[in-house]
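This report goes through selected local features of one model, section by section. Please have the sequence and the coordinates open while reading.

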Amino acid sequence: MKPDLEGYFEEIQEKTKKVYAIAQKAREKGYDPERKVDIPIAKNMAERVIRLVSAVAPQLSEQEVINKIITRIKELEKEYGILDWRVSLKIAEEIAKEKFCRFESKLEAAEAGIRTGFAYHTLGTVASPLEGFTGIKVRKRADGKEYWALFFSGPIRSAGGTGASVCVLIADYVRKKLNVQPYDPTEEEIQRMVTEVHDFHNRITNLQYLPSEEEISFLTRHLPVQIDGDPSEKIEVSQYKDLKRIETNKLRNGVCLVIAECLCQKAPKLWKQLSKWGNDFDLSHWSFLEEFVEIQKKAKAKLKGEEKDEGKEKAKITPDFTFMKDIVAGRPILTMPMRFGGFRLRYGRARNSGYSSAAIHPATMSVLKNYIAIGTQLKLERPGKGAVVAACDTIEGPVVRLKDGTVLQLEKIPDKTLKNEIDKILFLGDILITYGDFLNRSHPLVPVGYCQEWWVQELEKAIVEQFGSLDLFKTSELTGITESRLKEILSNPFYKQPTVDEAITLSLRLSIPLHPKYTYFWKAITKKEFVEFSQAIKRAKTSEEKIIVQFSENVKEIAEKLCIPHKAPAKQYIVFEGAEARTLMTLFENIPDSLDQNQLPEDVIEIINSFSKIKIRDKAGTFIGARMGRPEKAKMRKLTGSPHVLFPIGDEGGKLRSFQSAIEKGKVTAEFAIYKCESCNRITVLPKCEICDKPTKRLYYCQKCGLIPFEQCKHGKASPYTLKQIDIKTLITNITKRIETPLPALVKGVRGTSNKDHIPEHPAKGILRAHHNVTVNKDGTVRYDMTQMGITHFTPREIRTPVEKLRELGYLYDVD
Ligand SMILES: [Zn+2]
Ligand SMILES: [Zn+2]
């Protein structure tokens, strides 16, 4: 790392420490339910991993323990390599064997170990190790010995298929090391698994990978642990109910995901690793995977064979309607799956888009009346995941028809006058999706329409083939285009596109396809339509740079499908001018005046290429269906009603849940935790007395004794809260006096608190927040969610920040 970059990170760390110190000091004052800052800072990945797990295994939150584990992880990384699965296995085993700290039970130690190994594998960035793997249950084998059932639930999904499979592997490794016996599935349990996975796929949601019956039964028969989980669905499995060692008849999503999308789907990947070092790690019993992978191959081959019998040579790409399921009212479908005129797929990413973030042209946002804006979430047909929207103006903008019949492509945001003239969107423009999203979803890459980045490669290749090297001098002689212009076109394909004459010359001289800017959606029309269009062009009045076609509804419609810019003055003529006229004249030059439809191939591009001197490629590629997902993806996170503070103001708060309204009524009735100030000898609802500012003592409520100073009464466990009426007016008056801030015009609380002890936030916080116009989310934090809206480069002008300020923040380098 560059020394000044190190400085940059140090600065961030320093400043973080500073604000943490302030927060810590504030917490120590005792106005909050907890006296420490809740969210720990992790200095590195290993620490993040352990701190994540420490949320459920508090033994792992001691700094000394953390340091020991981090040191050990580093040693293991040296031995096996960073992020090697064996690091996960070893660290899990050592924590399970209580090498770093003691746990309350062997099982608890094992769970903490498995979670840590799993969290290491997933870099400590997802909650799966806590919420996806929910624990182990010890059950009895037929011979009376114990085996392990691993419990999984829905959030296992976020670990990914391989991640969750590695979790099963880690758990089994720990099992082996602790001498627990393998699972001995019964025939019924195996059949239950087959049935449940298929029921889940058919009745709940499509699994990404649906294993065959044989795959599921073979896998279940050989797995050394039972895969289990709590019920997640309302419906029951269709057969094999009431089994002794499966507690529920209802469908379990965690189980189905782990079996189908994880272990079955990722078996080849698992076997690839285990075949290398499985034996050295005492995991030779996993060698059944070798046979499993064979069974899977056969099952897949059989499936393919069936497809072939139906005459399909290659898996054809067909419209996928999945993204339209569960659509909510008010969230529009922008384009149907694979429909012409929808979003045209472009692969890649801009500096402001990338993983789970797709870019569209700013003019597209504008013609959609800004209903789709930066940060809006879309659900996409392909690769089948959500994406937030970013803007990119070097992809193609939309093609629109105006009220007077004019068709044009927008290269920038239209002004208001033009926008008002828009009658119909013929093409939504490009959508830029990163290759990584396809990889992440294991979606095969689908064909892409002809585009600048492709064309420029073909140009470069053609020059090299012709002259042996990228010889621009000779290319210039051959084409009459200056060397400097050629260089510009080659090095900057998005900003410096060739003129129509340059494009035609380059295509003729170097035999490369026509530039995409002058290529239209020829695939959008049928052979019959092509013949009609061709005849219209042939009969047209052509002059220098203009083609005037007699108006007909049919020809107009065809030109619109093709998305060729044109005018339609007074519905008398259809006029192609400039680049469009030049392009059409060139392409149709050699096409005979009369065409015999029966002699022509079906594909219009093939027809043109069989006559024209210049070849064209398909510009359409693949259109991607899209609908609006959650439009609120990038915005402030607020609770309904936008409260300033999590303090209950009961029904007295009225519709707005405001302190003002409660004060008018003089009281608040709600559930409160109860405290007592011993120096004022009075009861309060705050952990610090609002009169003398001294810490108060927590009380509990017993049904028989009333308020008592301990949780455990002789009558049983006392309640940590009680329904209580408080004098809100006096409380707020005391607080505003103490913080020397008057009560703002509107401070909103909540009807009731939802934490289990009903401990409220301090009203002072709400007064201060209302002053500064901030509202809170579920845990009292203020949040702005725009994960996935990354940016790798920017200019000071774009973010409206002076260079000086940026330098101060640590941005020291300019692109140049
Ligand atoms: Zn007091
Ligand atoms: Zn009692």
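Which residue in β8 does S357 stand opposite? S357 stands opposite V388.

## Basis

The model is predicted: local features need pLDDT of at least 70, side-chain atom pairs count only at pLDDT 80 or more, and totals for chains, interfaces and linings use all residues. Residues are numbered from 1 along each chain as its sequence is written, chains are lettered from A and ligands numbered from 1 in the order in which they are written, and side-chain values use heavy atoms, with hydrogens and water left out.

Helices (H or I, at least four residues) and strands (E, at least two) are DSSP runs, numbered from the N terminus. Two strands count as paired if DSSP finds at least two bridges between them.

## The eight-stranded sheet

An open sheet with mixed pairing is built from 8 strands in the order β4-β17-β7-β8-β6-β12-β5-β16. At its edges are β4 (333-335) and β16 (623-624), each of which pairs on one side only. Within the sheet, β6 (residues 357-360) and β8 (residues 386-391) pair in the parallel sense over 4 bridges. Strands of a sheet pair through backbone hydrogen bonds, either parallel or antiparallel.

P383 is in the loop between β7 (377-380) and β8, and a cis peptide bond with omega of about -5° joins R382 to P383. The loop between β8 and β9 (399-402) holds D393. D393 touches H361, P362 and Y495, leaving aside residues up to four places away in sequence; contact means heavy atoms within 4.5 Å. I413 is 20 residues from D393 along the chain, and their C-alpha atoms are separated by 9.6 Å.

## The three-stranded sheet

Another open sheet has 3 strands in the order β13-β14-β15, with antiparallel pairing. β13 (541-543) and β15 (573-577) each have a single partner strand, so one side of each is left without a neighbour in the sheet. Direction ignored, neighbouring strands here are turned by 15° against each other on average. β14 (residues 546-550) and β15 pair in the antiparallel sense over 5 bridges, and the bridge partner of V549 in β15 is I574.

Helix α22 (residues 578-588) packs on this sheet and touches β13, β14 and β15; its direction makes about 90° with that of β15. Axes are lines fitted to C-alpha atoms, for helices over the stretch in contact, and angles run from 0 to 180 degrees between N-to-C directions. The loop between α21 (553-562) and β15 contains C563, which has a positive phi of about 60° although it is not a glycine. Most residues other than glycine have a negative phi, and most peptide bonds are trans.

## Helix pairs

Angles under 35 degrees count as roughly parallel, over 145 as roughly antiparallel, 65 to 115 as roughly perpendicular and the rest as oblique. For residue classes, Ala, Val, Leu, Ile, Met, Phe, Trp, Tyr, Cys and Pro count as nonpolar, Asp, Glu, Lys and Arg as charged, and the others, Gly among them, as polar.

The axes of α4 (residues 85-96) and α11 (residues 267-277) come within 11 Å and cross at roughly 70°, and the two helices are therefore roughly perpendicular. W85, R86 and L89 of α4 meet K269, L270, Q273 and W277 of α11. This contact has 4 nonpolar, 1 polar and 2 charged residues. For α16 (residues 452-467) and α17 (residues 472-479), the axes come within 10 Å and cross at roughly 95°, which makes them roughly perpendicular. I463, Q466 and F467 of α16 make the contact with L472, K474, T475 and L478 of α17.

## Zinc sites

Which atoms coordinate the zinc ion (ligand 2)? They are C702 (SG), C705 (SG), C713 (SG) and H715 (ND1), at 2.1 to 2.3 Å. Donors are N, O and S atoms within 2.8 Å of the metal (3.2 Å for Na, K and Ca); water is not among the atoms, so sites may look incomplete. The donors of ligand 2 follow the spacing C-x2-C-x7-C-x1-H along the chain. The 4 donor atoms subtend angles of 101 to 118°, so the arrangement is tetrahedral. Four donors count as tetrahedral if all angles lie between 85 and 135 degrees; four count as square planar and six as octahedral if opposite donors are over 155 degrees apart and all others between 65 and 115; anything else is irregular.
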